[in-house]
Amino acid sequence: DGGPKQKFQQNLAAIRTLRTLNAEERPATNEEKAALVKYVGWGALPQVFDPDNTDWHKEQTRLSEFLSDEEHRSARATTLNAHYTAPTVIGAMYRAAERFGFKGGRVLEPACGIGHFVGLMPEDMLRRSTVTGIEIDPLTARIARALYPDSDIRPLPFEQTMLANGYYDLAISNVPFGDYPVHDPKWNDYKLPIHDYFFAAALDKV
């Protein structure tokens with residue numbers, strides 16, 4: 001909820017909370033998790049990286065001071081497809097999985113963000129499951145790890161993961177969409193746009 005400036009402030013609050021947890025080397029409290037889960041990434045806030053947008057100069061300056069150069073580059077790169085999924089959509093997807101007969105097992109989330117598909121998994125299903133989450137942005141992956149320490153969150157692009165084929169019982173995600181390919185030698189000849197690549201490569205793992 002809230003407008004773009006509020007989302008910006010919530011993102012900074014989540015990053016600040018994460019840094020406190022890392023510095024103190026401890027798990028997040030429920031109150032801290034409430035701050036972390038409000039992180040929405042930068043897909044809905046591309047203006048914070050646009051130097052020509054004068055309305056956001058204050059936020060641009062603050063973000064550049066707040067993030068390391070590497071974090072800033074990575075955050076800017078996510079504006080193309082870091083869009084988070086509404087809980088109603090995730091709930092509907094899990095209801096569909098249940099109708100298909102899935103009650104629990106090995107779950108793959110190949111584009112997990114901060115882990116909403118973990119946090120909103122039905123409790124009975126989650127108790128019977130182990131989750132592997134893949135997230136390309138290292139900062140976002142660290143937030144997911146802080147929120148869901150029992151899940152295996154891996155901070156790297158999906159195409160670089162070393163996951164066994166035919167291992168997972170369910171792949172579930174809101175994958176990135178776009179008319180550009182992913183470099184993966186196994187799939188390059190098909191010239192798949194990124195969303196079709198995620199569908200095909202994830203099915204290999206199931």
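Where is the place of Tyr39? Tyr39 sits in the loop between H2 and H3. The model is predicted.

Begin with its surroundings. Tyr39 has a relative accessible area of 1%, so it is buried. Set aside its neighbours within four places in sequence, and Tyr39 is in contact with Asn11, Ala14, Ile15, Tyr84, Ile114, Asp137, Leu139, Thr140 and Ile143. Now take Leu12. Tyr39 and Leu12 are 27 residues apart in sequence, yet their C-alpha atoms are 8.1 Å apart in space.

Tyr39 also belongs to a group of rings. Ring pairs link Phe8, Tyr39, Trp42, Phe49 and Trp56 into a cluster. Across the whole structure, a search finds 11 aromatic pairs. A pair of aromatic rings is described by two values: the distance of the centres and the angle of the planes.

Phe177 has 47% relative accessibility and counts as partly exposed. Phe199 is partly exposed as well, at 40%.

Next, look at the helices. Two packed helices are described by the angle between their axes and the distance between the axes. Start with helix H1 (residues 4-24) and helix H3 (residues 57-66). Their axes come within 12 Å and cross at roughly 15°. An angle under 35 degrees counts as roughly parallel, so H1 is roughly parallel to H3. The crossing of H1 past H3 is left-handed. Which residues make the contact? From H1 come Lys5, Phe8, Gln9, Leu12, Ile15, Arg16 and Arg19. From H3 come Glu59, Arg62, Leu63 and Phe66. Sorted by class, the residues of this contact are five nonpolar, one polar and five charged.

H1 has another partner, helix H8 (residues 138-147). Here the axes come within 10 Å and cross at roughly 65°. H1 and H8 are therefore roughly perpendicular to each other. This crossing is left-handed. On the H1 side, Ile15, Leu18, Leu21 and Asn22 take part. They meet Leu139, Arg142, Ile143 and Ala146 in H8. By class, this contact has six nonpolar residues, one polar and one charged.

Why is H8 described as largely enclosed by the rest of the structure? Seven of its 10 residues are buried, and that is the reason. The buried residues are Leu139, Thr140, Ala141, Ile143, Ala144, Ala146 and Leu147. They pack against H1, helix H2 (30-36), helix H4 (69-77) and strand E3 (152-154). Remember Tyr39: its contacts include Leu139, Thr140 and Ile143.

Now turn to the loops. Gln47 is found in the loop between H2 and H3. Its relative accessibility is 17%, so Gln47 counts as buried. Beyond its neighbours within four places in sequence, Gln47 is in contact with Pro4, Asn53, Trp56 and Gln60. Trp56 is one of the residues in the ring cluster.

Two other loop residues have a backbone angle worth a look. Glu25 is in the loop between H1 and H2. Its phi is near 50°, a positive value in a residue other than glycine. Glu25 is exposed, with a relative accessible area of 73%. Lys191 is in the loop between E4 and H9. It has a positive phi of about 50°, although it is not a glycine. At 69% relative accessibility, Lys191 counts as exposed.

Definitions and conventions. Residues numbered from 1 in each chain as written. Predicted model: local features only at pLDDT ≥ 70, side-chain atom pairs only at ≥ 80, totals over all residues. Heavy atoms only, no water. Axes fitted to C-alpha atoms, helices over the stretch in contact; angles between N-to-C directions. Helix = DSSP H or I, 4+ residues; strand = E, 2+ residues; numbered from the N terminus. Parallel < 35°, antiparallel > 145°, perpendicular 65-115°, else oblique. Left-handed = near helix turned anticlockwise from the far one by under 90°. Contact = heavy atoms within 4.5 Å. Nonpolar A, V, L, I, M, F, W, Y, C, P; charged D, E, K, R; others polar. Phe/Tyr/Trp six-rings, centres within 6.5 Å; stacked < 30°, edge-to-face > 60°. Buried < 20%, exposed > 50% of the residue type's maximum accessible area, 1.4 Å probe, protein only.
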